[in-house]
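Student: I have a model open here and would like to go through how it is put together. Could we take it piece by piece?

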Amino acid sequence: MSVALAIAAATLPSTAQGRRGPAPEPVFVIPGYIDCTVSRTSSADWPNMLGAVHTGVDTAYAAARAAGRSVEPVPADWYLGWAYSACGHDMNDLAKQLDTALAAFQARTGAAKIDVVSFSLGGIILRYCATNAGGQTPLCASRIDDWVGLVNATQGSQRANLLLCAGLAFRDMWSACLAIIPGSLEIRRMNARGPAPFGVESSIYWTPDDDYISPPTNSRLPGAANHRTTSPVGPVLHAEIWGAPKCPAMPEIVGRDLIDTVPHAPGDSETDCSARPAA
């Protein structure tokens with residue numbers, strides 16, 4: 001499988017009213033899986049995704065300021081893309097690596113909390129870390145304020161099976177591949193921790209036409225704001241949720257969620273990823 005381009009303590013008013021944005025928080029981007037032919041699985045992935053998130057936050061900030069919202073911009077050096085490798089590592093390894101990276105980012109920025117954007121495989125790694133499913137990342141969830149997940153493999157995908165995981169494209173990431181088989185030990189451990197989003201504000205975007213997550217609803221998480229994402233341009237496939245031509249507004253939608261001008265209201269809703277969101 002080759003993939004292109006992966007929570008607040010205040011009382012929340014209604015979505016229609018929005019809310020005052022708090023102080024800005026660092027933004028940490030977790031991309032998806034590409035392959036094991038490069039030294040770092042995500043090395044070709046995260047720069048593009050990080051740049052799109054940065055642009056989306058800046059655009060959402062400008063729109064919110066123009067609409068009279070009280071928000072502060074995220075400093076330019078408060079963005080970080082996580083270049084990780086799923087090859088030769090199981091979910092416990094990846095969760096520990098992620099927790100270490102989040103802790104280091106906190107220390108560098110001096111921030112109490114971090115906003116996280118995840119894509120595809122990145123979402124299940126984040127969920128495993130935040131639920132402390134492996135028993136080795138008890139502080140992971142406490143580091144996160146807002147989580148925006150795009151077509152995450154958080155409940156696994158029926159496309160993953162023993163034959164696929166043993167195949168040429170995935171044999172170097174055998175352990176991580178096994179973890180995304182629905183009903184895997186890792187998924188059972190996460191589900192046993194209770195409903196998501198484990199104390200963080202979470203917005204999850206999934207597409208009914210996902211060609212990698214099967215069934216597509218496996219991207220959803222109970223307790224999160226789950227957005228069924230569509231476009232008038234046509235069916236939105238897995239990688240197409242991230243930008244033009246079908247989802248040109250997605251970076252700004254993500255940015256709006258991160259600057260905290262609207263709450264992440266739990267439940268199900270519809271999102272047109274071609275339409276610019278309200279400030």
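Student: Let me start with a detail: which residue in strand 3 does valine 29 stand opposite?

Tutor: Valine 29 stands opposite valine 117 in strand 3, and please keep in mind throughout that this is a predicted model. The two strands concerned, strand 1 with residues 27-30 and strand 3 with residues 114-119, run parallel and are joined by four bridges.

Student: OK, stepping back, how many helices and strands are in the chain?

Tutor: The chain has seven helices and seven strands, and when it is read along the sequence the pattern is β-α-β-α-β-α-β-α-α-α-β-β-α-β.

Student: In what order do the seven strands sit in the sheet?

Tutor: They form an open sheet in the order 2-1-3-4-5-6-7, with parallel pairing. Its edges are strand 2 (79-81) and strand 7 (267-272), each of which pairs on one side only, and from one strand to the next the twist averages 20°.

Student: And what does helix 2 touch when it packs on the sheet?

Tutor: Helix 2, residues 91-109, touches strand 1, strand 2 and strand 3, and its direction makes about 155° with that of strand 1. Helix 7, residues 250-258, lies across strand 1, strand 3, strand 4, strand 5, strand 6 and strand 7, and it runs at about 160° to strand 4.

Student: Switching to strand 5, is it enclosed or open, and why?

Tutor: Six of the six residues of strand 5 are buried, so the strand is largely enclosed by the rest of the structure. The cover is on both faces, with Glu201, Ser203 and Tyr205 buried on one side and Ser202, Ile204 and Trp206 buried on the other. In general, side chains in a regular strand alternate between the two faces of the sheet. For the chain as a whole, buried residues make up 54% of the 279 residues.

Student: Which residue of strand 5 is the bridge partner of leucine 150?

Tutor: That partner is tyrosine 205, and strand 4 and strand 5 pair in the parallel sense over five bridges. Strand 5 is also joined to strand 6 by four bridges, again with the two running parallel, and there serine 203 stands opposite alanine 225 in strand 6.

Student: Now the helix pairs: at roughly what angle do the axes of helix 2 and helix 3 cross?

Tutor: Those axes cross at roughly 80° and come within 9 Å, and helix 2 and helix 3 are therefore roughly perpendicular to each other. On the helix 2 side the contact is made by Met91, Asn92, Leu94, Ala95, Leu98 and Asp99, while helix 3 brings in Ile124, Ile125, Leu126, Tyr128 and Cys129. By class, this contact has nine nonpolar, one polar and one charged residues.

Student: What about helix 3 and helix 6, how do their axes cross?

Tutor: The axes of helix 3 (residues 121-130) and helix 6 (residues 185-192) come within 10 Å and cross at roughly 50°, and the two helices are therefore oblique to each other. The crossing of helix 3 and helix 6 is left-handed.

Student: Which residues make that contact?

Tutor: From helix 3 they are Ile124, Arg127 and Tyr128, and from helix 6 they are Glu186, Ile187, Arg189, Met190 and Asn191. The residues in this contact of helix 3 with helix 6 divide into four nonpolar, one polar and three charged.

How values were computed. Residues are numbered from 1 along each chain as its sequence is written. This is a predicted model: local features need pLDDT of at least 70, side-chain atom pairs count only at pLDDT 80 or more; totals for chains, interfaces and linings use all residues. Side-chain values use heavy atoms; hydrogens and water are left out. Axes are lines fitted to C-alpha atoms, for helices over the stretch in contact, and angles run from 0 to 180 degrees between N-to-C directions. Angles under 35 degrees count as roughly parallel, over 145 as roughly antiparallel, 65 to 115 as roughly perpendicular and the rest as oblique. A crossing is left-handed if the near helix is turned anticlockwise from the far one by less than a right angle, and right-handed if clockwise. Contact means heavy atoms within 4.5 Å. Ala, Val, Leu, Ile, Met, Phe, Trp, Tyr, Cys and Pro count as nonpolar, Asp, Glu, Lys and Arg as charged, and the others, Gly among them, as polar. Two strands pair if DSSP finds at least two bridges between them. Buried means under 20% relative accessible area, exposed over 50%, partly exposed in between (1.4 Å probe, protein chains only).
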